[in-house]
Amino acid sequence: MIWIFLGAPGAGKGTQAERLREDFGFVSVSTGEMLREAMRAGSELGKTVQEYVTRGDLVPDDLVAAVLRERLAQGNTGNGVILDGFPRTVRQAEILEEMLAKHCWQLCGVLYLEASEEVVLQRLGGRRNCPQCGANYHVVTMPPKVEGVCDRCGAELVIRPDDAPEAIRKRLEVYHQQTKPLIAFYDQRGILERIDASGEVDEVYQAVKDAVSRRWQKCLAGE
Ligand code: AMP
């Protein structure tokens, strides 16, 4: 079973996916994190995508789809896979439909995290990221136990290059132009769950869990 998290950068997709992973045994697959990993490793893929990611642009559809395809082919899909950050264009959604049909995977639900621009800007502005394990923090709302140090692996936290003000502006623009059409795309298919993502992490998570339980029932019933 496949789940999609849709929402603006900073809406909380990664944080909520992490919670679902812990509670439901889902596996979270973040294309952004896979691309950052490739950049850290200095691989061919990393070098190719570096410029796009750093300036806040989308990586070409076929390239990012190939990365996802390779990851899904590896198995290790737990009780279901959460796609965090894929698809981001209608073309990617179409590619995903082809992948699902080919492997007989079921798209169980699309969780759309809705948050105002003010909220996402505040979240992105205070975000810190672990360059070693990919964990995310926020200086005010989700600080690490020791300032500047990752709770999970002890590495020094950094500000992602694409969380610089210029790149944030670009990412929001790209989101409005290229990703937002997916809301209608999935709404038409009757699998979109709108979730108010402007509150505290725990409050949003409760709504996410309710939506997952609702959709899960429908999915099992073949609706
Ligand atoms: P994220 O961690 O999801 O915010 O992604 C960080 C960056 O990785 C994005 O701003 C894009 O440059 C790139 N990226 C991640 N997922 C995709 C995708 N599905 N399509 C194109 N580019 C992506």
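Leaving aside neighbours within four places in sequence, Asn129 is in contact with Gly134, Ala135, Asn136, Leu157, Val158 and Arg160. The model is predicted. Asn129 sits in strand β5, which spans residues 127-129. Its relative accessibility is 3%, so Asn129 counts as buried. The side chain of Asn129 reaches the backbone oxygen of Gly134 at 3.4 Å. Gly134 is also among the contacts listed for Asn129.

Next, the nonpolar interior. In soluble globular proteins, nonpolar side chains tend to be buried together. Here the largest nonpolar core has 39 residues. Which of its members touch the most others? They are Leu68, Leu83, Leu96, Leu107, Val110 and Tyr186. Take Val110 as a way in. Setting aside its neighbours within four places in sequence, Val110 is in contact with Ile4, Leu6, Tyr186, Ile191, Leu192 and Glu193. A second core is separate and holds 19 residues. Ala17, Phe26, Leu113 and Cys219 are among them.

Now turn to helix α2, residues 31-41. Its buried residues are Thr31, Glu33, Met34, Leu35, Arg36, Ala38 and Met39. What covers them? The cover includes two strands, β2 (27-30) and β3 (81-84). It also includes two helices, α3 (44-55) and α4 (61-73). After α2 comes Gly42, with a positive phi near 70°.

In total, 16 residues surround the ligand. The closest are Thr31, Arg36, Asp57, Gly85 and Gln92. Two of these names, Thr31 and Arg36, also belong to the buried residues of α2. How does the shell divide by class? It has 6 nonpolar, 4 polar and 6 charged residues.

A backbone N or O atom of Asp57 lies 2.6 Å from an oxygen atom of the ligand. A polar backbone atom of Val59 is 3.0 Å from a nitrogen atom of the ligand. For Arg88, the side chain is involved: one of its N or O atoms is 3.0 Å from a ligand nitrogen. How much of the ligand does the protein bury? Taken alone, the ligand exposes 480 Å², and the protein buries 96% of that.

The peptide bond from Phe86 to Pro87 is cis, with omega near -5°. Pro87 lies in the loop between β3 and α5 (90-103).

For Asn76, phi is about 50°. Asn76 belongs to the loop between α4 and β3. Is Asn76 buried or exposed? The cut-off for exposed is over 50% relative accessible area. Asn76 has 59% relative accessibility, so it counts as exposed. For Cys104, phi is about 55°, again positive. Cys104 lies in the loop between α5 and β4 (107-114). Its relative accessibility is 72%, so Cys104 counts as exposed.

Terms used:
Residues numbered from 1 in each chain as written. Predicted model: local features only at pLDDT ≥ 70, side-chain atom pairs only at ≥ 80, totals over all residues. Heavy atoms only, no water. Core = buried A, V, L, I, M, F, W, Y, C linked by side-chain atoms within 4.5 Å. Buried < 20%, exposed > 50% of the residue type's maximum accessible area, 1.4 Å probe, protein only. Contact = heavy atoms within 4.5 Å. Helix = DSSP H or I, 4+ residues; strand = E, 2+ residues; numbered from the N terminus. Near = heavy atom within 4 Å. Polar contact = N/O pair within 3.5 Å; in protein donor to acceptor, adjacent residues only side chain to side chain. Areas by Shrake-Rupley, 256 points an atom, 1.4 Å probe, with all protein chains shown as cover. Nonpolar A, V, L, I, M, F, W, Y, C, P; charged D, E, K, R; others polar.
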